[in-house]
Amino acid sequence: MTDRKTRLAVILITSLFFLWGFALNLNPILIPHLKKACQLSDFQSALIDSASYIAYFLIALPAGLFMKKYGYKAGIAFGLLLFATGSFLFYPASEMRHFGFFLFALFVIASGLTMLETAANPYITVLGDPDSATQRLNFAQSFNGLAAFLAPLMGGKFILSGKTLSEAEHQAMSPDQLNAYLNEEAASVQIPFILIGLVVLFVAVMIWRTSLPEIKEEEEVIDQKPGGSIWGEKNLILGTTAQFFYVGAQVCISSFFIRFADHVAGIDEKTAAYLLSGALLAFMIGRFIGTYLMRFVAPPRLLAIYSVANIVLLVMAVLTDGMFSVYALVGVEFFMSIMFPTIFALSIRGLGEKTKIGSSLVIMSIVGGAFFPVIMGQVSDISSIQTAYIVPAVCFLVVLYFAIRNSSVKSVTLSTSH
C-alpha cells in the first residue's frame, strides 16, 4: 500500500472506533426516552442495554468465524451494513411505537458493532509501521472516547424533548391527547437514526472501495497436555468474572444517570444529558491520566484504589441528595476509566499460547452489560433509582478482589478498551 492509501485506511478504520462508541453511548439517552414514549418500567427500559450487550455474547464467535472464512474487510463491510440496517429500523419501530421492535433494531445494530470491534483492533495495528502499532491503537481508541462524550450531547439535543408529564398532567389528558404526545416523543428518533444509518452506509462503501491488507493469522495451537485446559487458568477465570461485573457496573452507571439526576436533584432530561456528556468526558480524561499514573503506581494497586474510590462515591450517591449525589456519579465515571483495559491485561497475562482464547473469554464477559442493568431496573421499580445504585457498588467489590489477588504484578501493557 502507498502512504496515501495507508493514511486513508487508517482514517477509515479509526472511524469505526468512533461509530461503535457513538452507538453504544446513545443507550443512556434511549433508556429514559423510550421509557417515556413506550410507557415502560425501569426494569423494561433496562432491556435496551440487554438487547445491545447480549449481541456481543451471541455474535462474537460467529463474527470471528465469518471473518476467518471471508476476511476482515468483508466482516467490516457486513458489520456496517448490519449497523445501518438496525438504524433504519428505528423508523418503523417509532411509527408503530412498539418496544419489541426497538429492541430488535438495537440487537441488529449491536450485532454489527460486534463485528466492527472484532476486526478494528487487529486491523489498526497492521496498517503502517509495526513499531508504532501501539500508538495507532491508542490514537484510534481516543476517538472511541470522543464519541462517548458526543453521543449524549447530540442525543440530548436532538432526541430528548425535555417534556416529561407529571402524574397530574398525565391524568388530565384525554386518550387521544396522550396518544399524540407519545407518538411525538417516539418520532424524535427517526431523523437522527436515519442520518446515522446514511453515515454508516457511506463508510461501508468507502471501506469496500479502499484497498486494505488482509490479516494472516497463524493457526492456534491447542495445548493438550494434562492440566493444560484454559479452565485451569484461575486468574483468567477470575479476571473474566471481574470484567463481567465491571462492564455491568459501567453500563449501570451511565444508563440510569438521567433518571438518577431527575430523582435526586430535579434536573430536567436535557440538562442531565449534558451532565452525562461531561461525565463521559471525565471518563476519557481519566483514561489518559490513569495510563500516565501507571508509570509510578503498579496497575493492580491503581485498580484497587480506583475500585475503593468508586464504592465510596456510590455509597455517597445513594445516601445523599442534590447535586452532590450527581457529582459523585461523575467521579465514578472518572475512576472507571482504566478498569476495562487493566482487567483485560491482568487477565491474559502469562497465558502464552492460550492468549487468543483467553482474550476471547474476557471479551465475551462484556455480556455483563446485558445482565446487571436489568437487576438495577428491578431494584429501582421495587424501591427507587437512587437505592438501585447499590448494584454497581457491589460489582466494584468483585473488581477490588481481583485487583488484590494480582497485587504482585508490577506492570502490564494496556492494549484494548471498550
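**Exercise 1. Which residues does Leu400 touch, leaving out those up to four places away in sequence?**

Solution. This is a predicted model. Step one: list the partners. Leu400 touches Ala304, Ser307, Val308 and Ile311. Step two: take one of them, Ser307, and check both distances. Leu400 and Ser307 lie 93 residues apart in sequence. In space, their C-alpha atoms are 5.5 Å apart.

**Exercise 2. Find the helix that holds Leu400, then decide: is Leu400 buried or exposed?**

Solution. Leu400 sits in helix H20, which covers residues 390–405. Step two: read its relative accessible area, which is 17%. Step three: apply the cut-off. Buried means under 20%. Leu400 has 17%, so Leu400 is buried.

**Exercise 3. Describe the fold of the protein chain as a whole.**

Solution. Step one: count the elements. The protein chain has 20 helices and zero strands. A compact globule of 418 residues would have a value near 22 Å. The protein chain has 21 Å, so the two agree. Along the principal axes, the C-alpha atoms fill roughly 70 × 50 × 40 Å. Of the 418 residues, 55% are buried. Among contacts with a separation of 6 or more, 84% join residues 24 or more positions apart.

**Exercise 4. Characterise the surface and the charges of the protein chain.**

Solution. Step one: take the accessible surface, about 18100 Å². Carbon and sulfur atoms account for 66% of that surface. Step two: count charges. There are 26 positive and 26 negative charges. Step three: compare their mean positions, which are 9 Å apart.

Key
Residues numbered from 1 in each chain as written. Predicted model: local features only at pLDDT ≥ 70, side-chain atom pairs only at ≥ 80, totals over all residues. Heavy atoms only, no water. Helix = DSSP H or I, 4+ residues; strand = E, 2+ residues; numbered from the N terminus. Buried < 20%, exposed > 50% of the residue type's maximum accessible area, 1.4 Å probe, protein only. Contact = heavy atoms within 4.5 Å. Rg over C-alpha atoms; globule rule 2.2 N^0.38 Å. Areas by Shrake-Rupley, 256 points an atom, 1.4 Å probe, with all protein chains shown as cover. Lys, Arg positive; Asp, Glu negative; His and termini not counted. Charge placed at Lys NZ, Arg CZ, Asp CG, Glu CD.
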